[in-house]
Amino acid sequence: MFFSAKAKGYFVEQNDHSFLLARTSGLTAPFVVEELRECSIGDAAALEEALRAVQPKKSPSGFLNAVCGVYPSRRLLRRATLELKRIKEPGYFTEVLSTQFRIEPDKYLVHVLNAPDGSDLDVAKAAQKEAIFCGLPNDDIVAAQDSLLASGIYPERLELGSVALLGAVVDYLAFKKSKTPTLVLEIGADTTHSFIVTGSGVEASRPIPQGLESMVPVVQKELGLKDEDSARKLFFSNTFDFTGMGPLLVRRLLKELQSSIGFYEVQTGQSVGQVLCPSLPPKLAWLDGTIAAALSVSSLKPELGPWLRSRQITLADGIPAGGLDVRWMGLLSLMTQYQTVTPAAPNAVPAEKKA
């Protein structure tokens, strides 16, 4: 398919809590972000309105054809040290997936990247032993596509949102010339994907079996509520100030994070100095500050406008850069290009089969 130079670009992020949508003046930078919209997951009327705002004139198919980023709960994004002597052995990558990551390789589509720069791992020429495995279960890819189609969105390209987001964080830190290792937390319902990132790449990764749902029983106990459903509704409603209870809510998660950070600091001699929580819903954004305070580090507040301009992306006059908080970084990361590297898509052929 050939696009005219004036073809618009459309981008969609579907995360646990919301749809984020964008229209740009072109498909590749330089371009202008012309429209941004957000609506809650499950609000069909709001999504329909957002789709009309982003694409006033429907396409012949009736779908919004877009680059889409998704965050299925069973996503794989792990850093590992490869044995270069074994890298060409049949079954080596399968062994890593099953023994180190405890997944069933035949049920996943996985791609392997070089950890420092995100480029594709070339098995035939591999000289870099630090790698990042990223992928999704086959069933989750189908489910993500079906969900988007049911919402009126056709995924022209489907990306694992975490990969694009981490690329953006690495690029932002390099742009700011920051040397501070940064803890990036994707806090989901049942799992927190934890990463330590610098301007040189992803330094460490770990999934932690603690998420927002693990905080609900604490809310119930501390407030003396009759059941977890009542506690859950209150917790997610933002009608009660939980900041004073924050240290109790994150206590279990904090123990796991301190363990990961301690190991990293001993191994590298570097200290984690800031935290970034890009996936929190607006009503729980205060958790970012709570976690930062509990870890005695600062909370990173990215200045997205200057960073976007460095990537030849500008915001339309009606979109104030200062009004874009970190929740938009994942959507914006789908637009940015850093180098001529084949992007890691969740439907990529596993590296072992490519060799």
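The paragraphs below lead through a predicted model, from its sheet to its helices, its cores and a few backbone details. Residues are numbered from 1 along each chain as its sequence is written. Local features need pLDDT of at least 70, side-chain atom pairs count only at pLDDT 80 or more, totals for chains, interfaces and linings use all residues, and side-chain values use heavy atoms, with hydrogens and water left out.

Strands of a sheet pair through backbone hydrogen bonds, either parallel or antiparallel.

Strand 5 (residues 76-81) is joined to strand 7 by six bridges, and Leu76 stands opposite Gly135 in strand 7. Strand 6 (residues 108-114) pairs with strand 7 over seven bridges, and Asn114 has Ala131 of strand 7 as its bridge partner. Eight of the eight residues of strand 7 (residues 130-137) are buried, so this strand is largely enclosed by the rest of the structure; buried means under 20% relative accessible area, exposed over 50%, and partly exposed in between (1.4 Å probe, protein chains only).

Elsewhere, helix 5 (residues 216-223) and helix 6 (residues 228-237) pack at an angle of about 100 degrees, with their axes 8 Å apart. Helix 5 is therefore roughly perpendicular to helix 6, a term for angles of 65 to 115 degrees, while those under 35 count as roughly parallel, those over 145 as roughly antiparallel and the rest as oblique. Among the residues that make the contact are Val216 and Leu223 of helix 5 and Ala231 and Phe235 of helix 6.

The largest nonpolar core has 63 residues, and those with the most contacts inside it are Leu21 and Val197; a nonpolar core is a set of buried Ala, Val, Leu, Ile, Met, Phe, Trp, Tyr and Cys residues joined through side-chain atoms within 4.5 Å. Helix 4 (residues 161-175) gives the most to this core, with nine residues. Apart from this core lies another, of 32 residues, including Leu183 and Ile261.

Finally, the backbone has some details to note. Most residues other than glycine have a negative phi, and most peptide bonds are trans. A cis peptide bond joins Ala29 and Pro30, with omega about 5 degrees, and Pro30 lies in the loop between strand 2 (18-24) and strand 3 (31-40). Arg102, in the loop between helix 2 (92-99) and strand 6, has a positive phi near 60 degrees and is exposed, with a relative accessible area of 69%. Gln312, in the loop between helix 10 (304-310) and strand 14 (313-315), also has a positive phi near 60 degrees, and at 48% relative accessibility Gln312 counts as partly exposed.

Conventions:
Axes fitted to C-alpha atoms, helices over the stretch in contact; angles between N-to-C directions. Helix = DSSP H or I, 4+ residues; strand = E, 2+ residues; numbered from the N terminus. Contact = heavy atoms within 4.5 Å. Pairing = 2+ DSSP bridges.
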